[in-house]
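Please open the model in your viewer and keep the selection tool ready.

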Amino acid sequence: MITNWDFRLRRLATVLSVAILTLSLLAAITGILLGFYYQPTAGGAYYSLTKITNEVPFGWLIRSLHNMAGNLLIVFGLIQLVVMFLGEKFRRSWLAGWFSNIFLILAGIGAGWTAMLLDWNQEGFWRFRIELGIIESIPLVGKEISSILVGGSGVTTVTVAHLYALHSYVLSAVAVSLAVIHLVSLLILHRSEVKEKEVKMPLNSVVSDS
Ligand code: HEM
């Protein structure tokens with residue numbers, strides 16, 4: 001039986017999935033706008049972002065909105081996990097909703113991670129070098145993953161280009177697609193629950209009449 005509490009949680013889950021889709025679209029649109037001026041090279045990345053912030057009209061706003069949407073996407077995805085858990089949605093019929101949300105969070109974390117080197121500052125550069133060392137220590141595949149990311153013998157323009165391609169083409173497309181799948185899976189389930197309720201209603205009324 002669906003209680004009032006379940007109903008509220010399910011409504012909250014739907015509202016959150018709309019918010020998640022909005023955030024992923026906002027991140028993708030502002031990302032494309034950044035891409036108009038951003039230069040994915042070791043020499044140009046930092047200066048192009050400084051130019052976007054200081055010279056391009058509303059560039060600072062687009063940059064802030066992009067960073068905010070990208071980070072909030074992960075926060076909302078995590079809140080959604082808790083809401084779905086409390087709403088007892090850990091059932092077979094909710095699998096698409098669960099998986100789409102979990103992989104969406106991972107895509108968001110991946111986007112944040114690949115962005116670490118995109119502004120080409122000291123902090124991002126050294127963090128990337130350290131984390132690359134951790135990736136290299138993964139048995140069997142670590143070295144291969146590292147060489148795909150780096151694209152040569154050192155962290156250079158090629159590395160920025162690789163991370164930019166992963167960030168802006170692969171992960172952004174994956175994040176938007178998963179946000180759509182997540183919302184649609186919750187809506188389909190919501191409709192089937194409403195139908196189920198309608199079918200059960202006359203039976204209940206027969207029982208209470210007798
Ligand atoms: C759903 C899609 C996307 C997500 C979730 C996303 C997420 C992020 C995140 C979390 C950051 C780092 C923010 C921070 O420093 O705290 C970032 C930075 C960046 N993203 Fe995206 N992004 C997306 C799409 C795109 C696209 C399509 C492009 C370009 C075509 C792009 C270009 C950039 C650039 C240039 C930066 C560095 C900006 C800066 O350091 O201020 N992003 N993104």
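Which arrangement do the six donor atoms around the iron atom of the ligand form? They subtend angles of 84 to 179°, which makes the arrangement octahedral. (Six donors count as octahedral if opposite donors are over 155 degrees apart and all others between 65 and 115.) Ideal angles for six octahedral donors are 90 or 180 degrees.

This is a predicted model, in which local features need pLDDT of at least 70 and side-chain atom pairs count only at pLDDT 80 or more, while totals for chains, interfaces and linings use all residues. Residues are numbered from 1 along each chain as its sequence is written, and side-chain values use heavy atoms, with hydrogens and water left out.

Next, select His66 and His167. Through their NE2 atoms, His66 and His167 coordinate the iron atom of the ligand at 2.0 Å; donors are N, O and S atoms within 2.8 Å of the metal (3.2 Å for Na, K and Ca). His66 belongs to helix H3 (residues 59-86) and His167 to helix H7 (residues 157-209), so the pair links distant parts of the chain, 101 residues apart. Helices are DSSP runs (H or I) of at least four residues, numbered from the N terminus. His66 counts as buried because its relative accessibility is 16%, and His167 is buried at 14%. (Buried means under 20% relative accessible area, exposed over 50%, partly exposed in between, with a 1.4 Å probe and protein chains only.)

Finally, select Arg127 and Glu131. Their side chains meet in a salt bridge, 3.0 Å from N to O; the term requires a side-chain nitrogen of Lys or Arg within 4 Å of a carboxyl oxygen of Asp or Glu. By this rule, the count is one salt bridge. Both residues lie in helix H5 (residues 122-136), four residues apart, about one turn of the helix. Arg127 is partly exposed at 37% relative accessibility, as is Glu131 at 22%.

Definitions and conventions:
Helices (H or I, at least four residues) and strands (E, at least two) are DSSP runs, numbered from the N terminus. Four donors count as tetrahedral if all angles lie between 85 and 135 degrees; four count as square planar and six as octahedral if opposite donors are over 155 degrees apart and all others between 65 and 115; anything else is irregular.
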